[in-house]
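Hi,

Here's the structure I said I'd pass along.

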Amino acid sequence: GSIGMSIFGVGTFTTADAPAIVSYGGAATNFTNTGTITGRIGFVAPTGAGAQNTFLNAGTVNGSIYLGNTTAGNTFTAVSGSSVNNAGVSTAGTMTIGSTTVNFAAAGVVDAGTGSSNRLILQNSATGTGLGTGGAVTTLSASNYLDFQNLTVNSGTWNLQGNLVSGSTTINDGLANFNSAG
């Protein structure tokens with residue numbers, strides 16, 4: 001399916017700049033995208049001990065994703081051929097709903113939030129870890145994937161530009177081409 005909106009009026013903002021999905025209220029958010037989302041996505045940190053937000057992207061996001069500021073860490077899984085596109089002009093920002101503040105990443109960015117155990121997982125299957133190097137060769141840039149500490153490559157072929165994570169990297173299967181030794 002698809003999620004999107006229309007913007008009325010004149011201005012420089014596009015539909016990719018508008019909030020499309022907001023999750024708040026205390027529970028963990030486990031989100032899977034297999035279609036197209038146009039707009040910004042913002043999750044608030046879950047309140048339960050050890051709880052985290054997860055996002056599996058096997059489709060297209062024309063906008064941005066902010067996973068929330070949880071101490072347990074969040075997980076973003078990218079499936080070969082998926083994308084998060086800079087289709088807007090927005091910078092990072094916030095929106096207040098009642099007493100809750102929701103963060104949003106800048107256009108084209110996946111921001112894992114302020115946790116210290118955020119995980120970026122790469123694989124060629126949306127329904128399991130996948131196998132081998134198959135699937136579309138996919139490029140990820142450190143300028144578009146922020147605040148991740150740990151990287152796991154389960155499968156697929158990935159071109160990784162810059163230092164995507166600040167901590168550990170595990171390669172279970174697949175192929176990862178790094179352009180940075182750091």
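Predicted model: local features only at pLDDT ≥ 70, side-chain atom pairs only at ≥ 80, totals over all residues.

Leaving out residues up to four places away in sequence, Phe148 touches Leu67, Phe76, Val110, Ala112, Asn118, Arg119, Leu120, Leu164, Val165 and Ser166.

Phe148 also turns up in the largest nonpolar core, which has 27 residues. Phe148 is among those with the most contacts inside that core, along with Phe55, Ile65, Phe76, Leu120, Leu122 and Tyr145. At least two residues each come from β4 (36-43), β6 (60-66), β7 (75-79), β12, β15 (150-153) and β16 (157-161). The biggest share is from β4, with 3 residues. As background, nonpolar side chains in soluble globular proteins tend to be buried together.

Next, the sheet. It is an open one of 6 strands with parallel pairing, in the order β3-β5-β7-β12-β15-β17. The edges are β3 (30-33) and β17 (169-171); each has a single partner strand, so one side of each has no neighbour in the sheet. From one strand to the next, the twist averages 10°. At the β3 end, β3 pairs with β5 (residues 54-57) in the parallel sense over 4 bridges, and Thr32 has Leu56 in β5 as its bridge partner.

Last one: Ser125, in the loop between β12 (119-123) and β13 (138-141). Ser125 counts as buried because its relative accessibility is 17%, under the 20% cut-off. Its side chain reaches the backbone nitrogen of Thr127 at 3.2 Å. Neighbours within four places in sequence aside, Ser125 is in contact with Val79 and Gly130.

Cheers

Definitions and conventions: Residues numbered from 1 in each chain as written. Heavy atoms only, no water. Buried < 20%, exposed > 50% of the residue type's maximum accessible area, 1.4 Å probe, protein only. Polar contact = N/O pair within 3.5 Å; in protein donor to acceptor, adjacent residues only side chain to side chain. Contact = heavy atoms within 4.5 Å. Core = buried A, V, L, I, M, F, W, Y, C linked by side-chain atoms within 4.5 Å. Pairing = 2+ DSSP bridges. Axes fitted to C-alpha atoms, helices over the stretch in contact; angles between N-to-C directions.
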